[in-house]
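Let's take a walk through a protein model together, one piece at a time. Have the sequence and the 3D view open while you read.

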Amino acid sequence: MRYGFVIDHNRCIGCHACTVACKEEHDVPVGVFRTWVKYIEKGHFPASRRHFGVMRCNHCDAAPCVEICPTSALFYRPDRIVDFDNSRCIGCQSCMQACPYDALYIHPDTHTAAKCNFCAHRIEIGLEPACVLVCPTRAISAGDLDDAESPVSRLLASEKAASRKPHKGTDPKLFYLGIDGAFLQPSLMEPQPSHLFAAHNPAANQYTIEPTASAEPLSSAQVVYDVAHRQAWDWMSALYLWTKSIAAGVLIIAILTLWSSGSEKNRTAPFFAIMSPAIAVLFTGLTAIFLIAHLKRPDRFYYILIKPNPRSWLVRGTWILMAYGAVAALWMALGVLRISSPPAIYALAIALALASAAYSAFLFGQAKGRDLWQSPLFIWILIAQTFVAGSAILLIVAPFFTTSTHAVALVESYFVLSLLINGSMILTQILMPPYSEDVRYAVNLVVSGSLRRRFWWGVITMGTLLPLALTVYSVVASAFAIEVLAALMALVGLFIFDDVWITAGQAPPLS
Amino acid sequence: MKTEIVPPLHPVAQTLDAPAGLASCPPPARWDDWTEYDPTYWPRKVEKHYRLIPTICFNCEAGCGLLAYVDRETGRIRKFEGNPAHPGSRGRNCAKGPATLNQVTDPERILYPLKRVGRRGEGKWRRVTWDEALDDLATRIRSALKDGRRDEIMYHVGRPGHELIYNQRVLHAWGIDGHNSHTNICSAGARTGYAFWQGYDRPSPDYANARFILLLSSHLEAGHYFNPHAQRIIDGKSRGAKLCVIDTRLSNTASRADYWLSTWPGSETAVILAICKIILEEELYDRDFVRRWVNWEEYLREEHPAKSCSFDEFIAALLELYKEYTPQFAARESGADPGVIVEVAREIARAGHAFAAHIWRNAAAGNLGGWQVARALQFLSVLVGAVATPGGTSPSAFNKIIPSPPLMPPAPQAWNELTWPPEYPLAFFEMSFLLPHFLKEGRGKLAAYFTRVYNPLWTNPDGMSWMEVLNDEKLIERHACLTPTWSETAWFADYVLPMGLASERHDLMSQETQAARWIGFRQPVLRVALERQGQTFNNTWEAHRAAGFGEVWEEDEFWIELSWRIDPDGEMGIRKYFESPSQPGRKLTVDEFYGWMFEHSVPGLPDAAAKEGLTPLAYMRKYGAFLIDEGGYDAHEKPLAPSQLEGATTEATSGIISYNGSAVGVTVDGTVRVGFPTPSRKLEFFSKTLKDWKWPEAAIPTYVRSHVHRENFDIGRGEMLLMPTFRLPTLIHTRSGNAKWLNEISHRNPIWMHPQDAACFNVKTDDLVKVSTEIGYFVDRVWVTEGIRPGVLACSHHLGRWRLDETSGGEKWSTALVDLQQLEPGQWRMRQRHGVRPFTSDDPDSSRVWWEDAGVHQNLVFPVQPDPVSGAHCWHQKVQVEKAGRDDRYGDIFVDTNKSHEVYRRWMEQTRPAPGPGNLRRPLWLPRAYRPATEAFYLRRLT
């Protein structure tokens with residue numbers, strides 16, 4: 001048994017009855033929606049026309065929200081309805097990134113995620129969902145896709161149906177008949193400064209509704225009514241990526257330096273034996289704090305551990321970070337006890353550090369809604385960032401310790417090298433041909449849209465070019481204080497990049 | 001607790017598709033104890049137990065069925081779904097149906113009677129008892145009646161419900177002609193056009209069976225009757241019907257059309273007559289139908305006495321009459337593509353009898369001569385023979401029933417000239433929107449003025465003149481506003497008396513939503529629920545008190561109680577109409593009233609009820625609706641029974657059969673048939689009435705150049721046409737202001753402007769423009785769109801609500817707080833202090849309100865523009881547009897009521913007053929709401 005919807009836009013009259021009936025059935029608060037009717041207009045007078053698109057959860061058979069949800073608050077029922085249990089939800093909002101259809105929102109009172117659940121409580125007693133019942137023109141049908149006799153199967157057998165974003169591999173179970181093609185590619189629509197009979201909700205993601213970044217309009221479809229979608233992840237998420245890159249990078253660079261320097265003495269030097277793991281422990285701790293703080297339900301953070309969904313990279317990441325933190329702590333403990341760490345610790349640390357750095361790429365990859373984050377380069381950017389962050393933090397603390405100049409020179413070279421690699425990868429990422437319209441939208445925002453200053457000045461100039469120049473200058477002029485400045489600038493640049501990456505990724509409208 | 005899939009028990013529900021897998025609704029057998037899981041706790045299975053009690057939606061005119069889910073534990077209404085047993089709405093609703101829950105649970109609603117303290121309009125109120133309010137009003141009415149000042153009692157009603165003969169019964173029992181309505185700012189134009197053709201003032205298109213549908217309306221999003229009609233238009237479309245929409249603006253309906261003709265407002269008649277001409281010229285008309293049912297002989301006799309009285313002569317005359325209505329002429333007038341006009345004409349002819357057409361407001365409510373748009377449209381239906389056919393358009397009465405109540409009082413010997421002034425002998429409804437000017441002119445005063453679900457200050461044109469007279473305690477001595485919510489008008493009342501909403505009162509509905517006749521029963525859901533639990537109440541308000549709903553009354557009981565207090569001992573002859581039919585001397589109860597009607601006045605209902613072992617009343621309480629019959633086609637063809645012909649006379653030339661001086665039938669091809677309730681009993685292409693009543697040029701369907709004809713505009717000088725009359729699918733006038741879910745979706749009414757015009761004014765979307773009429777101006781934002789004809793502006797009338805006090809006097813979900821200043825006598829300036837804001841209340845959503853816009857109240861700056869024939873207000877405005885200046889702010893309004901009175905006088909000059917033939921105030925045959933006694937129609941009787 002597989003329940004699905006068929007929405008027939010040959011019958012839809014754009015009346016919003018489904019929206020309101022849903023609000024009534026589920027007592028959906030003002031400001032958020034489980035289903036809504038988007039309006040667009042196309043064409044020139046008198047050949048202009050308005051088109052409607054009923055938007056909601058697609059009850060995917062391969063639902064990215066179920067996969068990413070760290071606590072299995074989102075789940076498949078046996079009838080393949082994607083339902084949710086808000087008592088398990090920790091409010092991480094990763095489902096809102098995973099869903100390619102903007103289906104989820106955070107309930108303002110419970111601070112947990114919610115969405116259309118096919119009125120599972122009604123299905124359970126044999127009743128149609130509330131939106132199906134109310135629809136004046138019977139544009140919405142619900143039924144068992146496995147039953148050839150069900151109304152949905154009969155419609156799908158006889159009419160040409162479309163689904164949204166099939167390339168996402170989500171296997172949606174919401175099919176549209178007669179929907180205007182523009183609804184299938186929302187990032188091509190032109191947002192308007194306001195709506196036909198409504199204003200924009202100020203809580204809406206401003207990057208989504210800002211005029212199309214590209215110079216020429218890509219499509220003649222104008223959005224004349226839509227509902228707001230907040231930007232779920234903000235600078236707090238960028239901060240956690242940033243602290244994590246420092247935490248992971250510091251031990252990678254430390255170990256590389258130890259190995260390259262070949263000096264046994266360095267292994268027990270406080271700089272490597274205590275300071276480096278201490279930084280790793282501190283920033284891993286900070287990462288955990290930011291991770292918890294950005295939850296809408298921080299009180300439930302431990303659900304990740306006691307109700308884990310092992311397929312979620314949020315859970316896997318948590319395990320990796322915990323393991324990494326433990327190894328770093330052990331390293332530090334040995335350092336404090338002046339016991340030389342066995343090479344196994346270094347091997348373990350470097351493996352876990354790389355995993356800590358890289359797992360976010362898999363988490364962002366599970367955020368299927370965000371095309372930009374699917375970039376194959378992202379994992380390498382994360383690793384390069386880790387190198388930049390690790391070398392930068394060591395350069396900053398080095399002056400406070402008596403460290404061999406050889407070691408510092410090695411760190412300097414890692415810094416310069418990783419900055420170069422990171423910078424060129426970022427530029428490649430931004431300048432390479434976009435692999436989807438959403439990526440084009442996001443990249444336009446970064447290159448020439450409202451994120452351009454942050455990117456060109458913050459990431460490229462301050463975060464990459466200036467640190468490179470200053471480091472070279474400091475080496476030449478032996479002005480090591482300037483090197484510290486360069487490292488600081490690089491670190492700030494990394495944070496700005498993370499923030500730009502997170503903001504731009506969420507900018508293209510999903511629905 | 002899996003629901004078994006059982007066939008629905010109700011005869012109507014049985015005609016619905018069998019549920020495949022999932023049922024739409026709980027089976028009626030279990031409505032009294034229905035168990036569902038609470039979605040709030042889901043996926044934990046927490047059971048909730050409900051009683052499902054049907055009622056009728058309060059929001060628009062359609063009277064769709066609702067099914068209230070009353071929580072058996074808390075006694076509160078959890079939700080409203082559709083009532084599957086309702087033949088019109090078939091279990092489905094528009095957005096306004098479920099939003100009823102917002103209105104019922106509105107944290108700001110008025111629960112107790114309030115009386116003004118201090119000056120009227122000052123905004124100070126105290127809670128009073130119902131006794132105090134009722135006694136005061138009853139005393140004033142009693143003394144007015146005793147003094148013979150019966151024209152000083154006026155009941156002014158909006159919609160919907162408790163109208164027609166049920167309220168007529170009340171006012172006629174008092175012996176007054178005291179009804180006033182909103183109809184002349186609404187549908188009176190279209191009604192006039194239809195009535196002069198067929199005596200019936202409304203169309204009932206059979207969309208579901210049509211092959212071609214022509215709408216001069218937006219029935220896929222609004223209007224009489226939005227949800228039921230939208231269902232059937234889409235059903236028709238899905239069976240292959242073509243849809244043509246004539247509307248200047250791109251409505252949602254136009255967006256779904258196969259042909260959208262964006263015509264210059266007022267040119268619609270020209271387009272339709274051009275279509276008629278093509279059908280005539282290409283001989284595509286239904287010759288037999290036209291020959292049998294059109295009064296062409298009368299036309300030829302009256303207008304072409306020299307010609308032979310043959311049908312071919314008539315067709316020749318038609319071709320001559322309409323020869324100038326070429327597609328090119330229509331295109332010049334309207335801007336529409338002449339090729340499309342020809343194509344549409346041929347498609348209509350191809351559809352033949354299955355051609356359904358509809359106009360209700362739109363052009364008919366916008367233009368001088370708008371009533372002729374409806375007349376031209378009906379001409380088209382008549383030409384192709386699509387009158388009362390499957391897929392055609394029937395007169396409303398064929399698809400409607402008004403069950404007779406017990407004890408109808410006789411029509412009064414009274415004629416109220418404040419509502420039916422001699423200047424408008426043919427006005428289809430009361431000249432309601434001229435009332436302030438009549439009062440200002442000294443035509444009378446009001447001792448007791450009731451407003452009910454009506455907000456004339458806001459809804460009518462020239463609201464500031466309304467405010468001036470509402471504020472004048474000499475002109476309106478007592479004003480009682482019967483309303484569940486605050487409104488702009490309620491602020492200027494002496495009493496604000498809370499009346500029940502959709503689920504809080506009794507009412508009987510029957511609408512011509514399809515080819516069927518049905519009744520719907522609105523009932524006070526909480527009372528019914530409590531009574532099922534074994535409690536008993538004498539009055540609905542007591543049930544509301546028991547349920548914690550304050551002292552909210554219902555109209556039926558209000559009128560019974562008030563009438564008893566007016567005539568406590570029965571000496572005035574009023575009380576007897578409000579006594580129990582079975583136990584005279586006891587107060588009539590609603591159970592008796594409706595029980596009597598269901599038993600005696602609804603064919604088939606007693607039998608259907610008996611089959612289920614129920615009384616007719618119990619049956620209606622259970623199902624909330626009853627289908628009397630389906631079809632109703634060709635009712636005009638019904639032969640008169642021989643018994644009906646006894647004592648009747650036949651007029652030789654016309655074949656009209658008369659009984660006691662009034663026509664009852666007509667001979668068609670040798671058979672005596674019922675025909676239509678017109679003087680000729682036929683469809684009147686030619687109206688002798690119009691000719692006799694000084695409008696000879698309008699005696700046949702004619703194109704009247706509108707007051708906003710395109711040649712009246714100097715576009716280069718910023719002159720534009722404003723169409724201020726369109727609804728949104730989510731709102732309903734001033735009744736939906738407390739529906740948070742609806743206001744969240746729709747809360748602004750920008751001015752639609754074509755990009756070409758926007759370029760001329762150098763404005764873009766969201767820029768402010770100042771729109772000036774003859775009497776003032778308003779400032780609103782611009783919405784640049786390809787969905788409007790260049791030269792024309794459009795602005796929805798649904799928004800722009802305001803209040804004068806921060807804490808009270810308007811729903812905070814939807815009103816802006818404004819300052820209102822009188823600069824000079826009659827010169828009013830309104831400025832928004834702030835828009836909608838979040839507020840604290842029992843509803844946590846009120847603090848989550850995110851929209852600030854409340855829209856702009858444009859109607860204030862429109863002068864009255866009454867059509868001299870139909871009396872309908874001609875809404876379209878010629879305006880001057882300019883970019884807003886530095887001192888102009890969003891929502892600014894300025895009005896000069898001195899100027900509005902001048903405009904009123906100018907339009908009055910176009911009238912051709914009574915008396916008509918026989919010294920009549922109004923043609924006797926022409927329908928009139930709350931029809932007084934025949935004697936009252938004669939001017940001499942009263943002078």
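## Ground rules

This is a predicted model, so keep its cut-offs in mind: local features need pLDDT of at least 70, side-chain atom pairs count only at pLDDT 80 or more, and totals for chains, interfaces and linings use all residues. Residues are numbered from 1 along each chain as its sequence is written, chains are lettered from A and ligands numbered from 1 in the order in which they are written, and side-chain values use heavy atoms, with hydrogens and water left out.

## The seven-stranded sheet

Start in chain B with an open sheet of seven strands, in the order β6-β5-β17-β16-β15-β7-β8, with mixed pairing. The edges belong to β6 (125–127) and β8 (179–181) of chain B; each has a single partner strand, so one side of each has no neighbour in the sheet. From one strand to the next, the twist averages 20 degrees. In general, strands of a sheet pair through backbone hydrogen bonds, either parallel or antiparallel.

Zoom in on β5 (residues 114–116) of chain B, which pairs with β6(B) in the antiparallel sense over three bridges. Here Arg116(B) sits opposite Trp125(B) of β6(B). Helix α20 (residues 555–566) of chain B lies across β7, β15, β16 and β17 of chain B, at about 170 degrees to β15(B). Such angles run from 0 to 180 degrees between N-to-C directions, with axes fitted to C-alpha atoms, for helices over the stretch in contact. Contact means heavy atoms within 4.5 Å.

β18(B) meets β19 (residues 516–522) of chain B over three bridges, and Met509(B) has Gly520(B) in β19(B) as its bridge partner.

## Where the two chains meet

How many residues does each chain bring to the contact? Chain B gives 80 and chain A gives 77. Together they bury about 6,300 Å², 56% of it on carbon and sulfur atoms. Buried area is the accessible area (1.4 Å probe) that two parts lose on being put together, summed over both. Leu22(B), Trp42(B) and Ile745(B) supply 12% of what chain B buries against chain A, more than any other three residues.

Now find Glu81(B) in strand β4 (residues 77–82) of chain B. Is Glu81(B) buried or exposed? Glu81(B) is buried, at 6% relative accessible area; buried means under 20%, exposed over 50%, and partly exposed in between (1.4 Å probe, protein chains only). Its side chain makes a polar contact of 2.6 Å with that of Arg122(A) and another of 2.9 Å with that of Tyr69(B). A polar contact is a pair of N or O atoms within 3.5 Å; within protein, one must be able to donate a hydrogen and the other to accept it, and residues adjacent in sequence count only if both atoms are side-chain atoms.

## Salt bridges

The structure holds 107 salt bridges over all chains, and seven cross the interface of chain B and chain A. The rule asks for a side-chain nitrogen of Lys or Arg within 4 Å of a carboxyl oxygen of Asp or Glu. One links Glu25(A) and Lys79(B) at 2.9 Å, N to O.

Within chain B, Glu281(B) and Lys277(B) come to 2.4 Å at their closest N and O atoms. They are four residues apart in helix α7 (residues 268–281) of chain B, so about one helical turn separates them. Glu281(B) is partly exposed at 46%, whereas Lys277(B) is buried at 9%.

Terms used
Two strands pair if DSSP finds at least two bridges between them. Helices (H or I, at least four residues) and strands (E, at least two) are DSSP runs, numbered from the N terminus.
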